[in-house]
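Visitor: Before we look at any single contact, I would like to learn how to read the packing and the side-chain pairs of a model such as this one. Could you take me through it step by step?

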Amino acid sequence: MKNKIIYVSGLLNFETILNVDSFPVNYYPTEYPFYGVNNGVGGTAFNISKALRTLGDKVVLSSHVGEDLIGKTIVSELKKNKITETSIYHDLDQTPSQVVLVDRDFNTQTYTDLKSVQNAVSDFEVEKEKIEKADLVVLCNSNFNRSLLKEAKKLNKKVATDVHIIGTVDDAFNKEFMENSDILFLSSKGIHELNYEEFLLDIYNTYHNELIVLGEGREGAMILDAKKRVIYHIDAVTVRDIVNTVGSRDALFSAFLHYYLKGIDSLEALKLAELFTSYKIGENGGANGFAKEKEIKQLAKTVDFDVYKIKTF
């Protein structure tokens with residue numbers, strides 16, 4: 001089967017992961033956490049692109065960086081991973097950066113310095129040809145993608161996005177992304193007090209997405225398939241010892257898109273994505289630990305999933 005072309009547009013940054021004992025962090029003038037500080041290129045767009053590339057897809061990546069050392073490091077890393085970087089705009093005064101604190105129970109606290117990227121705008125006319133050639137358009141919920149959302153839909157392109165943490169169906173920042181997405185991902189963080197399946201139904205009844213996936217972290221994931229008119233939940237699985245969960249949601253998103261785009265049933269695609277994610281969190285770093293498709297195929301033979309039909313509608 002011919003490799004799919006996936007257009008990805010979203011945030012790129014430099015990521016520092018710091019291991020801490022617990023939250024809140026106690027004050028000490030100086031600490032020496034040997035091998036407890038890890039640095040690398042990150043950001044949702046890089047995590048997604050590298051995951052898709054590892055699984056065998058061709059990726060065209062669009063984003064905004066600065067002309068600084070971090071920006072140049074990011075471009076170098078893209079080339080190293082054979083990710084097409086011809087749509088990287090060097091129009092920021094500084095490249096965004098991120099610090100993630102991770103405690104011994106894998107709870108995270110993230111500090112993301114976006115610099116001026118929220119003021120950046122992607123030029124659809126410049127990106128149009130690349131979007132037209134793509135089999136799937138992944139538009140992360142960055143401000144600069146707002147100019148691409150409706151135009152991609154006008155080209156009859158299937159659009160996927162992850163709005164991450166929202167608390168209401170009409171979330172002001174993410175509303176435009178939700179209403180223009182065929183495949184929508186979100187996190188259970190922010191809606192713990194709500195009924196998950198009813199929340200997914202509210203989203204579907206408002207925006208009529210084709211597929212909605214709720215990442216539940218250690219509890220697994222839930223999927224609403226509008227064509228089947230059903231909501232399923234699958235439990236999480238563990239395929240190797242957990243080292244760090246940073247980037248796990250991007251891994252789930254990426255792998256699901258890869259398998260679903262190949263024509264695999266949505267529930268089966270979610271199972272494979274859960275395997276991909278479980279394997280990924282056995283390494284440190286948001287863009288590390290990705291398995292190749294053949295490795296996931298072998299893992300799938302060894303794991304049984306607990307699947308629950310939650311609701312038909």
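Visitor: Let me begin with one side chain: does Phe256 count as buried or exposed, and what is its relative accessibility?

Guide: Bear in mind throughout that this is a predicted model. Burial is judged by relative accessible area, with under 20% taken as buried; Phe256 has 0% relative accessibility and therefore counts as buried.

Visitor: Which residues touch the most other members of the largest nonpolar core?

Guide: The general idea is that in soluble globular proteins nonpolar side chains tend to be buried together. Here the largest nonpolar core has 55 residues, and those touching the most other members are Val8, Leu12 and Phe256. The element that gives the most to this core is helix α7, spanning residues 248-261, with 9 residues. There is also a second, separate core of 32 residues, which includes Ile166, Val169, Phe177 and Ile212.

Visitor: What does Leu12 touch, once residues up to four places away in sequence are not counted?

Guide: Its contacts include Gly42, Gly43, Ala45 and Phe46, and also Leu61, Ser63 and Val65. Among the others that Leu12 touches are Ile74, Leu78 and Ile88, together with Thr95 and Pro96.

Visitor: Turning to aromatic side chains, how are the rings of Phe256 and Tyr260 arranged?

Guide: For a ring pair one reads the distance between centres and the angle between planes, and planes under 30 degrees apart count as stacked. The structure has 5 aromatic pairs. In the pair of Phe256 and Tyr260 the ring centres are 5.6 Å apart and the planes lie at 10°, so the pair is stacked. Both residues lie in helix α7, 4 residues apart, which is about one turn of the helix. Tyr260, at 18% relative accessibility, counts as buried. Phe276 and Phe290 form an aromatic pair that is also stacked, at 5.6 Å centre to centre with 5° between the planes. This pair links distant parts of the chain, with Phe276 in helix α8 (residues 266-280) and Phe290 in the loop between α8 and α9, 14 residues apart. Phe276 is buried, as is Phe290.

Visitor: Which residues do ring pairs link into a cluster?

Guide: The cluster consists of Phe185, Phe253, Phe256 and Tyr260.

Visitor: How many salt bridges does the structure hold, and what does the pair of Arg104 and Asp21 tie together?

Guide: The structure holds 14 salt bridges, and to read one, look first at the nitrogen-to-oxygen distance, which must be within 4 Å. The side chains of Arg104 and Asp21 meet at 2.7 Å, N to O. Arg104 lies in the loop between β6 and β7 and Asp21 in the loop between β2 and β3, so the pair ties together parts that are 83 residues apart in sequence. Arg104 and Asp21 are both exposed.

Visitor: Where does Glu198, the partner of Lys311, lie?

Guide: Lys311 and Glu198 form a salt bridge whose closest N and O atoms are 3.4 Å apart. Glu198 is in helix α6 and Lys311 in strand β14, 113 residues apart, and the pair thus links distant parts of the chain. Lys311 is partly exposed at 29% relative accessibility, and Glu198 is partly exposed with a relative accessible area of 35%.

Note on methods. Residues numbered from 1 in each chain as written. Predicted model: local features only at pLDDT ≥ 70, side-chain atom pairs only at ≥ 80, totals over all residues. Heavy atoms only, no water. Core = buried A, V, L, I, M, F, W, Y, C linked by side-chain atoms within 4.5 Å. Buried < 20%, exposed > 50% of the residue type's maximum accessible area, 1.4 Å probe, protein only. Helix = DSSP H or I, 4+ residues; strand = E, 2+ residues; numbered from the N terminus. Contact = heavy atoms within 4.5 Å. Phe/Tyr/Trp six-rings, centres within 6.5 Å; stacked < 30°, edge-to-face > 60°.
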